[in-house]
Amino acid sequence: MMRTTAATAIAIGLTLSSALRAQNTPADDSVYQAWGQKAGIHAVMEDFFVRLQADARTGPFFKSANRDRLVPQLTEQLCQVSGGPCRYAGAPMGPVHSSMDIGTGDFNALVEVLQQSMDAKGIPFSAQNGMLARLAPMHRDIITKD
Amino acid sequence: MKRSPYRPMPLALICAGLLACSLTARADRGKLLLTGGTSSIDGAAGGGLTPWAVTGSYATDGETGGTAFVTGAKTQHYSLAAYGAAVGFKDRVEVSIARQDFDAKNNLAPLGLSNLRLKQDIVGVKVRVTGDAVLDSDTLTPQVAIGLQHKKTDAGALGPTLFGPLGADDSGTDLYVSATKLFLAPGILVNGTLRATKANQNGLLGFGGAQGDGYKLQPEVSVAKLLSKHLAIGAEYRAKPDNLHQSVLGAGALKEDDWFDLFVAWAPTKDISITAAYVALGKIAPAVQPRRQTGAYLSAQIAF
């Protein structure tokens, strides 16, 4: 029992530390590279925009969105957060979304649509999660509805 | 020592009620795939053997959702069936019910207890206290929940001995705190649960014993790795007290071991998930069955 507990504790410690390393790697562009750099990100964002408008859950939020403006902005943003050589120059997340009454379910619906696009464009699962991990904290600025 | 007669919970009725109140609500399934956990044998959302801090069902903020499950486990000499349901409110509160039916087969025949069945009903409540296990991917803060599970045991023909000379109670309440964190980038989920319990073999052999009747703090740990949106593999460890080690049946006759499992969980859609596992349950009543019990676990959960 003591040995099992100690072994379990060590295993968890190792898992945690490797998980943390992967979580907090600074200025690492591996996700950017795994997405196929800016062109790869752009391809996913084009697909994403179409699906966002088509999906019954996300469609209402994006029905009047301007494709020629939003796709390049999203591309710049994901390029930047994934460690690529870009600078997102669009509006900050908070003010843009503050009047949109977005709940956690809406936010997750957008994540699911993004997952569809990433699958469609062949982004590997680990690179999908690498990007999602950098986008997910934006929920604090975007979700305004309890 | 309580000897209140066993009253079977009208489980079907409660299930029907849960279904009805869940179906009248909107189809509320705003959580991401698999992030409501599977159904543990005690009914709470989590892993197979231990609750997690996640709230059952796919209901997120402002939503109500439900799950129902059926689970079977089979080792060399015993089998366990469990079924139940849970409702999640606003990703905040979870209410669950479960029934377990343990088949001791003829292992206790030397004691005159052929085909012994041990049953228990469990009502659980869990409340998320803080954190978001999934979306707070830039902090170490886990999702934390506290919960309780009230259990009532029907030990059948073993009852007069178990609740008599062995000194166990036929009902008990577990209290626990769980912390769950998904490390999103590597796709690794870690849960730690600390349970205050008197239960013997999870309650199937009653609560407490002649040698001691106090609560004991027991750690439970789960680690899982997401292989895809639909598929997770992992391991669990659950420590258990050993209240019946010293008993009128002799030292070690009812010695209890910790539990361990290796699992794979698959959710093709939000409607259903299937969990299969290898379980190692240690010795169960070693005086009559000295062999360590290992075997298979299979669970199906539907979500609505």
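Some bookkeeping to begin. Residues are numbered from 1 along each chain as its sequence is written, while chains are lettered from A and ligands numbered from 1 in the order in which they are written. Since the model is predicted, local features need pLDDT of at least 70 and side-chain atom pairs count only at pLDDT 80 or more, whereas totals for chains, interfaces and linings use all residues.

Now confidence. The model scores ipTM 0.87 and pTM 0.88. pLDDT is the predictor's confidence in each residue, from 0 to 100. Chain B averages a pLDDT of 92, and 91% of its residues score at least 70. Two stretches of chain B have pLDDT below 50: residues 1-5, with 8 contacts in the model beyond near neighbours in sequence, and residues 21-26, with 7 such contacts. A contact here is a pair of residues whose C-beta atoms, placed from the backbone, lie within 7 Å.

On to chain A. It has 9 helices and 0 strands. Helices (H or I, at least four residues) and strands (E, at least two) are DSSP runs, numbered from the N terminus. Of the 146 residues in chain A, 29% are buried. Buried is the label for a residue with 20 or more other C-beta atoms within 10 Å of its own; exposed is 12 or fewer, partly exposed is in between, and the C-beta atoms are placed from the backbone. Take the chain A contacts between residues at least 6 apart in sequence: 79% of them join residues at least 24 apart.

V31(A) gives an example. This residue is found in helix α2 (residues 30-34) of chain A. Why does V31(A) count as buried? Because there are 25 C-beta neighbours inside 10 Å. Leaving aside neighbours within four places in sequence, V31(A) is in contact with S82(A), G83(A), A127(A), G130(A) and M131(A). V31(A) and N129(A) are 98 residues apart in sequence, yet 9.2 Å apart in space, C-alpha to C-alpha.

Among the buried ones are A127(A), N129(A), G130(A) and M131(A).

The largest nonpolar core has 90 residues. A nonpolar core means a set of buried Ala, Val, Leu, Ile, Met, Phe, Trp, Tyr and Cys residues joined through C-beta atoms within 7 Å. Those with the most contacts inside it are W35(A), M45(A), F48(A), M131(A), L162(B) and L184(B).

Next, chain B. A closed barrel of 12 strands runs from β3 through to β14 of chain B, with antiparallel pairing. The twist averages 20 degrees from one strand to the next; axes are lines fitted to C-alpha atoms, for helices over the stretch in contact, and angles run from 0 to 180 degrees between N-to-C directions. Two strands pair if DSSP finds at least two bridges between them.

Some of the pairings in detail. β5 (residues 93-103) and β6 (residues 117-130) of chain B are joined by 11 bridges, and Q100(B) has Q120(B) as its bridge partner. β7 (residues 143-154) and β8 (residues 171-183) of chain B pair over 10 bridges. V177(B) in β8(B) stands opposite I146(B) and also opposite L194(B) in β9(B). β8(B) and β9(B) form a hairpin with 4 residues between them, and G187(B) in the turn has a positive phi of about 70 degrees.

Last, the place where the chains meet. The contact takes 23 residues from chain B and 26 residues from chain A. On the chain B side, the largest share, 3 residues, comes from β10(B). That side divides into 11 nonpolar, 6 polar and 6 charged residues, where Ala, Val, Leu, Ile, Met, Phe, Trp, Tyr, Cys and Pro count as nonpolar, Asp, Glu, Lys and Arg as charged, and the others, Gly among them, as polar.
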